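Thanks for coming, everyone. I'll take you through one structure, starting with charged pairs and ending with nonpolar contacts. Please have a look at it first.

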Amino acid sequence: MAKDRKKVIIQAATKSFSLFGYKATTMDQVAKIAKVGKATIYNFFATKEELFQEIINDLAREMKQVATEEIDHEQPFTVNLHRAMLRILDYRETHTLVIKLFQEVKEFGTPACIDALARLEEEILSFIEREVIYALDKGHLKTCDPKITAFLILNMYISLAHTWGLKNKSIPKEEIANLLNLYLMEGIAN
């Protein structure tokens with residue numbers, strides 16, 4: 001019973017944060033959406049910040065799960081990486097809370113939202129790093145620093161999938177994989 005109430009509170013808070021953002025969400029709103037008393041929320045979460053962190057932790061786990069579902073270690077590293085990155089980017093683009101977090105950071109620079117997005121990015125980087133280490137252990141990659149490689153992969157995908165399209169024609173997803181192979185995996189030097 002307590003787990004059900006906690007789940008209802010988390011779902012209500014996620015809805016409120018997604019609709020109104022972090023700044024505008026109050027525990028009163030969450031209680032109203034969850035159809036519970038405010039005191040019930042405080043039985044599970046001492047503060048709005050604690051509730052928000054629980055939701056971000058769940059979001060990070062979901063994003064990791066989405067990416068992990070795309071990994072088949074029988075496939076080449078680049079195939080796995082591309083499929084996982086596309087799922088992560090699609091998740092980020094379609095999950096209403098993630099979209100709201102980006103909006104709130106852009107409009108208000110809310111520290112809690114900045115921290116939440118940083119937490120999600122760290123989870124993605126950690127996932128990529130683990131896959132790089134796996135590929136290194138199997139001899140599928142040249143010796144490299146897994147942290148730097150993960151950072152470059154993530155930022156190249158984000159730049160090609162989003163930033164480039166702000167001032168240029170968007171790049172199709174298949175072409176992003178080709179560009180990652182050209183610039184990062186193969187290198188452009190003769």
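Let's begin with a charged pair. Glu 70 and Arg 83 form a salt bridge through their side chains, at 3.3 Å from N to O. Glu 70 sits in the loop between H4 and H5, and Arg 83 sits in helix H5, so this pair ties together parts 13 residues apart in sequence. Keep in mind that this is a predicted model.

How buried or exposed are the two partners? Glu 70 counts as buried, because its relative accessibility is 16%, and the cut-off for buried is under 20%. Arg 83 is at 31%, so it counts as partly exposed.

Next pair. Arg 87 and Glu 69 also meet in a salt bridge, 3.5 Å from N to O. Again, distant parts of the chain are linked: Arg 87 belongs to helix H5, Glu 69 to the loop between H4 and H5, and they are 18 residues apart. Arg 87 is partly exposed at 29% relative accessibility. Glu 69 is partly exposed too, with a relative accessible area of 46%.

Now a pair within one helix. Glu 123 and Arg 119 make a salt bridge at 3.0 Å, N to O. Why are they about one helical turn apart? Because they are four residues apart in helix H7. Glu 123 is buried at 16% relative accessibility. Arg 119, at 29%, is partly exposed.

How many salt bridges does the structure hold? Eight.

On to the nonpolar side. The largest nonpolar core has 54 residues, and Leu 51 and Ile 128 have the most contacts inside it. Helices that each supply at least two residues include H1 (2–24), H4 (48–68), H5 (77–94) and H8 (146–167). Which helix gives the most to this core? H7, with eleven residues.

Take Leu 51 by itself. Leaving aside neighbours within four places in sequence, Leu 51 contacts Ile 9, Ile 10, Ala 13, Met 27, Val 30 and Phe 45.

Last stop, the surface. Leu 19, Phe 20 and Ile 33 make up a nonpolar patch there, with about 260 Å² of accessible area together. Ile 33 lies in helix H2, residues 27–34. Its relative accessibility is 31%, so Ile 33 counts as partly exposed.

That's my tour. Over to you for discussion.

Technical notes
Residues numbered from 1 in each chain as written. Predicted model: local features only at pLDDT ≥ 70, side-chain atom pairs only at ≥ 80, totals over all residues. Heavy atoms only, no water. Patch = residues over 30% accessible without salt bridge, like charges linked within 9 Å, V, L, I, M, F, W, Y side chains within 5 Å. Areas by Shrake-Rupley, 256 points an atom, 1.4 Å probe, with all protein chains shown as cover. Salt bridge = Lys/Arg side-chain N within 4 Å of Asp/Glu carboxyl O. Buried < 20%, exposed > 50% of the residue type's maximum accessible area, 1.4 Å probe, protein only. Core = buried A, V, L, I, M, F, W, Y, C linked by side-chain atoms within 4.5 Å. Contact = heavy atoms within 4.5 Å.
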